[in-house]
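Visitor: I would like to go through this model and ask what stands behind each term.
Guide: Then let us look at it together.

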Amino acid sequence: MCPSHRNTYRDWNAPLSEMSAYSAESSLRLLDWYREMGVDAAVSDDAIDWLVRGAVKPGAGYVLPTPNGSEIVADVAVSPRAARAQPVPSARPAQRAPEPATTAVGSAPRNFPATSPDAAVSAARAAATAAPTLQALGEALTRFDGCGLKATAKNLCFYRGAPQARLMIVGEAPGREDDLTGTPFTGPAGDLLQKMLLAIDLTFEQCHITNAVYWRPPGNRHPTPQELDVCQPFLERQTALVAPDIVLLLGAAAAHHVVDIDAGIMRARGKWHEVTMAGHPVRAIVSLAPTYLLKAPSSKQNAWRDLLSVKAALAR
């Protein structure tokens, strides 16, 4: 609620005629704010066909009462009731072909067409298989347009650390700072991960660090199953090229997708799995994502146990 309208709370159940001039005026300002936000009905008996409404603005024709009994009609041409009264066509209008999505790297915008999920996964598999080196794989990812996340991300976040390493770390998805720099784990989560590795005598330069998806999801949301699917061929090829002994999976998205588990992250963490990625067998262990640990510091003790298991496995 808008802070300027909190004082009207106690008067909302009173008739408008019994309200004080101040509370009535504040309530009307609140209703006007609702209208500007697009609210034109509290409850409506009739469904609104938005295709029929066309360019009619929400709140069109809304009658705004005033404390002195007069009425103010919203300054728009057509009322929503009139829009709803228009006849509904028997067939929905033909949909236009999807417009190409747009992404930008630096100051050079680039367009690429939308791709069906199955076709995108097939294209990803072909591009990943054809990459003989990590550099070639990164170039293939730069050219690849089958993941929708690329349309909203600023930069590709491929990997950081050593090209080949005994320990490969896979997070869930790039964050805001990662997207700006084009490097995984560069923000607060990266700082925490660096401290966690130092605690078991490792540095970023000794590990290979990446994510289950290579572009930042909007608003730092979790990647969808389709986004994970289309990035999986690249991740599997990347694992085969890095040839690690151990893969540390940080977070539920990475864990569920790589080792295909149904349990929640708290039950799955700390357990070892034998997996094969693009023909390369590795031991994988699930742990908690640094972003989660920043929000729930009490879970750091569980992550510490997982790190000790990784340290012991590397010492063998």
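Visitor: What makes the meeting of H4 and H8 a contact?
Guide: Contact means heavy atoms within 4.5 Å. By that rule Pro117, Ala120, Val121, Ala124, Arg125, Ala127, Ala128 and Thr129 in H4 meet Gln226, Asp229, Val230, Pro233, Phe234 and Arg237 in H8. The model is predicted, with local features needing pLDDT of at least 70 and side-chain atom pairs 80 or more, while totals for chains, interfaces and linings use all residues. Residues are numbered from 1 along each chain, and side-chain values use heavy atoms, without hydrogens and water.

Visitor: Why is H4 called roughly parallel to H8?
Guide: The axes of H4 (residues 117-129) and H8 (residues 225-242) come within 8 Å and cross at roughly 10 degrees. Axes are lines fitted to C-alpha atoms, for helices over the stretch in contact, and angles run from 0 to 180 degrees between N-to-C directions. Angles under 35 degrees count as roughly parallel, so H4 is roughly parallel to H8.

Visitor: How do the residues of this contact divide?
Guide: Into nine nonpolar, two polar and three charged. Ala, Val, Leu, Ile, Met, Phe, Trp, Tyr, Cys and Pro count as nonpolar, Asp, Glu, Lys and Arg as charged, and the others, Gly among them, as polar.

Visitor: What makes S9 and S10 a pair?
Guide: Two strands pair if DSSP finds at least two bridges between them. S9 and S10 have six, in the antiparallel sense, so they meet the rule. Val275 stands opposite Val282 in S10. The two strands form a hairpin with two residues between them, and Ala278 in the turn has a positive phi of about 55 degrees.

Visitor: Which pairing do S6 and S7 show?
Guide: S6 (residues 167-171) and S7 (residues 208-211) pair in the parallel sense over four bridges. Val170 stands opposite Thr210 in S7.

Visitor: What is the strand order of the open sheet, and why are S5 and S9 at its edges?
Guide: The order is S5-S7-S6-S8-S10-S9, with mixed pairing. S5 (160-161) and S9 (272-277) each have a single partner strand, so one side of each is left without a neighbour in the sheet. Strands here are DSSP runs of E, at least two residues, and helices are runs of H or I, at least four, numbered from the N terminus.

Visitor: Which helix lies across S10?
Guide: H12 (residues 300-314), running at about 155 degrees to S10 (280-287).

Terms used
Parallel < 35°, antiparallel > 145°, perpendicular 65-115°, else oblique.
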